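Please look over the chain below.

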Amino acid sequence: AMLGLGREAWRRGRTWMTGMSRNVAGEMSRMGAMASAGWKRDMVRLRLQRFGKKNWPFYRLVAADARSPRDGKCLEYLGTYNPLPTKHGEKFVTLNYDRIKYWLVVGAQPTDRVAKLLGGANILPFKPEYRFKEPKEKKE
């Protein structure tokens, strides 16, 4: 794991390219990758965190930094979603309307599934989801 460096250079924390410390070099490479990809550093997403167990999902609706992992640290809990229907065919959703509207005004971007849930709750405009494609014409 020394990456072609001498043992002493590795202990001192120098990189093989520039002689700067490993932390600074790593941060610069991450910043360059973000700038080249058009990355917004302060992007907040409204998304679902998965809980429950195998084949029994349960989700929390959260506001989280776009760079954090799916089930990682979040900024705020905004609601829950249970996709498994009850014996009456109901799927339960709880939402904190005020805080969701706050995050949307501030500029948070909902994921597709969250946008569909918020559309069903009349917070966002509802967009119908089409699950079929038009058949292609055969070329002869």
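Is R67 buried, partly exposed or exposed? With a relative accessibility of 42%, R67 counts as partly exposed; buried means under 20% relative accessible area, exposed over 50%, and partly exposed in between (1.4 Å probe, protein chains only).

The model is predicted: local features need pLDDT of at least 70, side-chain atom pairs count only at pLDDT 80 or more, and totals for chains, interfaces and linings use all residues. Residues are numbered from 1 along each chain as its sequence is written, and side-chain values use heavy atoms, with hydrogens and water left out.

**Confidence**

The protein chain has a mean pLDDT (the predictor's confidence in each residue, from 0 to 100) of 75, and 68% of its residues reach 70 or more. Residues 1-5 have a pLDDT below 50, and this stretch has 8 contacts (heavy atoms within 4.5 Å) beyond near neighbours in sequence. Over residues 13-41 the pLDDT also stays under 50, and the model has 24 contacts beyond four places in sequence for them. Where pLDDT is low, the predicted coordinates should not be read in detail.

**Salt bridges**

The structure holds 2 salt bridges, each defined as a side-chain nitrogen of Lys or Arg within 4 Å of a carboxyl oxygen of Asp or Glu.

| Pair | N to O distance |
|---|---|
| R67 and D65 | 2.9 Å |
| R99 and E76 | 2.8 Å |

The R99 and E76 side chains meet in a salt bridge. This pair links distant parts of the chain, 23 residues apart, with R99 in helix α3 and E76 in strand β3. Helices (H or I, at least four residues) and strands (E, at least two) are DSSP runs, numbered from the N terminus. E76 is buried, with a relative accessible area of 19%, whereas R99 is partly exposed at 30% relative accessibility. In the other pair, D65 is partly exposed, with a relative accessible area of 22%.

Strand β3 covers residues 76-82. Leaving aside neighbours within four places in sequence, E76 is in contact with L61, V62, A63, R99 and W103.

**Helix α4**

Which residues of helix α4 are buried? In this helix, residues 112-120, they are V114, L117, L118 and G119. An α-helix has 3.6 residues a turn, so residues three or four places apart point the same way. The cover over the buried residues of α4 includes the strands β1 (44-53), β2 (56-65), β3, β4 (92-95) and β5 (109-110), as well as helix α3 (97-106). After α4 comes N122, which has a positive phi near 60°.
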